[in-house]
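Here is a short briefing for a first look at this structure. It goes from the ligand to the sheet and then to the charged side chains.

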Amino acid sequence: MNIILFGPPGAGKGTQAEIICQKLNIPTVSTGAVLREAMKNGTPTGLKAKQYVEAGELVPDAVVTAIIKDRLSEPDCANGYILDGFPRTIPQAEALDAMGVKIDAVLSIELSDEEIVNRLSNRRLCGVCGASYHLLYNPTKDNVHCDKCGGELITRKDDDPKVVMNRLDTYHSQTEPLKAFYNAKGLVKTVSGSDTIPEITRHILAELGT
Ligand code: AMP
């Protein structure tokens, strides 16, 4: 099954992707995670992406599309995958079509702008393994270290309130139109992002019929 997790920043796409990929036994492909890793390692892709990511803007389509093309051709993607954070523009969705990718479902996690700003200010990330947490709704044992690997928790630079407003604008102007694009194909299933993490997982799995 090839699934897109769609929604604004902070809706819980990454958190749900981590849970659902284990239940369905397929990998998650997260362009945001790939870009953060590339930036950390100072690779040519990371250097190209840095200024956009830190300003809350989208990385050029050609850069992210090349990442996706490479990643989806790896053997572990043969039985399906969850796309988290891709596509984010109509040209990216068209590039996916042009690669011959058949999408089975687009799960749209819905959340108001007000809730997004609130969520992102309390979001933390493991600086080592990248696992995502929320200080109130998805805390670690001590809210200092990662429960999975013990790495120290960090705040994403692009979760700074000024950058968040930019990311929201970008979401509404460039990414939200994708909902109509996939609605026209009858693929969009909507779940509320304000429920608890297990409830959202349950709704997603029910929508997928699993
Ligand atoms: P995320 O972790 O999905 O919130 O992504 C973090 C940042 O990476 C975004 O704000 C963008 O700057 C960049 N990014 C991630 N995915 C994409 C994409 N599909 N297209 C363009 N930029 C992206």
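A residue is near a molecule or strand if one of its heavy atoms lies within 4 Å of it. Of the 16 residues around the ligand, the nearest are T31, R36, E57, G85 and Q92. This is a predicted model, in which local features need pLDDT of at least 70, side-chain atom pairs count only at pLDDT 80 or more, and totals for chains, interfaces and linings use all residues. Residues are numbered from 1 along each chain as its sequence is written, and side-chain values use heavy atoms, with hydrogens and water left out.

**The ligand and its shell**

- Helix 2 (residues 31-41) gives the largest share of the shell, four residues. Helices (H or I, at least four residues) and strands (E, at least two) are DSSP runs, numbered from the N terminus.
- By class, the shell holds six nonpolar, four polar and six charged residues. Here Ala, Val, Leu, Ile, Met, Phe, Trp, Tyr, Cys and Pro count as nonpolar, Asp, Glu, Lys and Arg as charged, and the others, Gly among them, as polar.
- T31 has a polar side-chain atom 2.8 Å from a nitrogen atom of the ligand.
- R36 has a polar side-chain atom 2.9 Å from an oxygen atom of the ligand.
- V59 takes part through its backbone: one of its polar backbone atoms is 3.0 Å from a nitrogen atom of the ligand.
- On its own the ligand has 480 Å² of accessible area (Shrake-Rupley method, 1.4 Å probe; for residues, only the protein chains shown count as cover). The protein covers 96% of that area.

- Three strands form an open, antiparallel sheet in the order 6-5-7. Two strands pair if DSSP finds at least two bridges between them.
- Strand 6 (132-134) and strand 7 (153-154) are at the edges with a single partner strand each, so one side of each has no neighbour in the sheet.
- Strand 5 (residues 123-126) is joined to strand 7 by two bridges. L125 stands opposite I154, and C126 stands opposite L153.
- Strand 5 pairs with strand 6 over three bridges, again antiparallel. R124 has Y133 as its bridge partner in strand 6.
- Five residues lie between strand 5 and strand 6 in their hairpin. In the turn, G130 has a positive phi of about 85 degrees.
- Strand 5 is covered on both faces: R123 and L125 on one side, R124 and C126 on the other, are all buried. Buried means under 20% relative accessible area, exposed over 50%, partly exposed in between (1.4 Å probe, protein chains only).

**Salt bridges**

- The count is 13 salt bridges. Each is a side-chain nitrogen of Lys or Arg within 4 Å of a carboxyl oxygen of Asp or Glu.
- E37 and K40 form one of them, at 4.0 Å from N to O. They are three residues apart in helix 2, so about one helical turn separates them. E37 is partly exposed, at 41% relative accessibility.
- R71 meets E74 at 3.2 Å and D76 at 2.8 Å, N to O in each salt bridge. E74 is partly exposed at 39% relative accessibility. D76 is partly exposed too, with a relative accessible area of 40%.
- Shared partners join R123, R156, D158, D159 and R167 into one salt-bridge network.
- R167 sits in helix 7 (residues 161-175). R167 is buried, at 10% relative accessible area.

Notes:
A polar contact is a pair of N or O atoms within 3.5 Å; within protein, one must be able to donate a hydrogen and the other to accept it, and residues adjacent in sequence count only if both atoms are side-chain atoms.
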